[in-house]
Amino acid sequence: MKTLTTIASLSGKKSNRRRVLVPTMGALHNAHLELIRAAREHAGPDGEVAVSIFVNPLQFEPGSDYGRYPRPEKTDEDFCRDAGVDLLFRPTLVEMYADDRSVFVEETSLSRMLCGKSRPGHFRGVCTVVAKLFNILTPEAAVFGEKDFQQLAIIRRMVRDLNLRIDIVAVPTIREEDGLAYSSRNRYLNAEERKEAGVLRKALLRGAEITRGGETSTARVVSAVRETIAQAPLARIDYVDLVDAGSLQPLEVMRVNSLLALAVFFGRTRLIDNILLP
């Protein structure tokens, strides 16, 4: 595995191999391993899997966990090497952003919903850093997880609207034994919070269950999900929304291609999850 930390080390060195990128902020876990496996599949036997690790300050709102976000550098490097990654790109903050930076990439429709309502500027930070990584690493494809469904939708929109020549590959959410979606932030949870966090998957499945039973009212589906989450005393709901999976616009009545999404705090830790409804 080749590890690079500067943009100059990549400039002018376009790989002749099909490069597939897995953008991450590190603190790698089993879900990242699945993204790497998908990248290998899409790269092919003669292709190249690249992983980027960069904790991007632009996507952290004031007062959030940027300072305490886990950065286990040696563990992450070993993880990538064991997973068969070909290229690890780990730039510094100074390398990625000039002090007087004044250009950003911003999506203005999908980013107003769901997490965008409580995290202003977050997706501008995501789009800016992902666009930069695409430009620096010049991959033919990039892999993203469906757990961050809104992020995936926004990246796809950015690629479409800016005519970027890159394929976006989606990977289904990878879960722990109790159904909790893998996340680097799960390690923030204390024992009691972690025990209760499994209620998120239970709540989503409850929403899916009543829609299969014929319920079409968005309000009643959301109410059932909220009631399920309320069974966990430590849970504090940020949002539970039912939206169109394409536009992310709120729905009043269930229809084909709906997305049930939520964000819930356990202590200071904010976790997200979602489920596609038929």
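Reply: What follows is a set of questions on labels and the values behind them, for a model that is predicted.

Me: What makes the radius of gyration of the chain agree with that of a compact globule?

Reply: The chain has 278 residues, and for that number a compact globule would have a radius of gyration near 19 Å. The chain has 19 Å, so the value agrees with the rule. Along the principal axes, the C-alpha atoms fill a box of roughly 55 × 40 × 40 Å. Nine helices and nine strands make up the list of elements, and 52% of the residues count as buried.

Me: How much of the contact set of the chain, at a separation of 6 or more, comes from residues 24 or more positions apart?

Reply: Such residues account for 71% of those contacts.

Me: Why is glutamine 151 called buried?

Reply: The cut-off for buried is under 20% relative accessible area. Glutamine 151 has 18%, therefore it counts as buried. This residue is found in helix 6. Leaving out residues up to four places away in sequence, glutamine 151 touches Phe123, Val126 and Phe144.

Me: Why is alanine 197 called buried?

Reply: Its relative accessible area is 0%, and buried requires under 20%, so the label holds. Alanine 197 belongs to helix 7, residues 191-197. Beyond its neighbours within four places in sequence, alanine 197 is in contact with Leu180, Leu189, Phe266 and Leu271.

Me: How far is alanine 197 from glutamine 249, in sequence and in space?

Reply: They are 52 residues apart in sequence, and 27 Å apart in space from C-alpha to C-alpha.

Me: Why is threonine 138 called partly exposed?

Reply: The class covers what lies between buried, under 20%, and exposed, over 50%. Threonine 138 has a relative accessible area of 30%, so it is partly exposed. The residue sits in the loop between helix 5 and strand 5. Its phi is positive, about 45°, although threonine 138 is not a glycine.

Me: Why is asparagine 163 called exposed?

Reply: Exposed means over 50% relative accessible area. Asparagine 163 has 63%, so the label applies. The loop between helix 6 and strand 6 (167-171) holds asparagine 163. Here too phi is positive in a residue other than glycine, with a value near 55°.

Me: What makes a set of residues a nonpolar core, and which residues have the most contacts inside the largest one?

Reply: The members must be buried residues of the nonpolar list, joined through side-chain atoms within 4.5 Å. The largest such set has 43 residues, and Phe134, Ile155, Ile168 and Leu248 have the most contacts inside it. Among the elements that give two or more residues to this core are strand 4 (87-89), helix 6 (149-161) and strand 8 (258-266). Helix 5 gives the most, with 10 residues. Apart from this core lies another, of 26 residues, including Val199 and Val240.

Me: Which residues are in contact with isoleucine 168, leaving aside neighbours within four places in sequence?

Reply: Isoleucine 168 is in contact with Phe134, Ala142, Phe144, Leu152, Ile155, Arg156 and Val159.

Me: How many positive and negative side chains does the chain have, and where do the centres of the two sets lie?

Reply: There are 39 positive and 36 negative side chains, with the two centres 1 Å apart.

Note on methods:
Residues numbered from 1 in each chain as written. Predicted model: local features only at pLDDT ≥ 70, side-chain atom pairs only at ≥ 80, totals over all residues. Heavy atoms only, no water. Helix = DSSP H or I, 4+ residues; strand = E, 2+ residues; numbered from the N terminus. Rg over C-alpha atoms; globule rule 2.2 N^0.38 Å. Buried < 20%, exposed > 50% of the residue type's maximum accessible area, 1.4 Å probe, protein only. Contact = heavy atoms within 4.5 Å. Lys, Arg positive; Asp, Glu negative; His and termini not counted. Charge placed at Lys NZ, Arg CZ, Asp CG, Glu CD.
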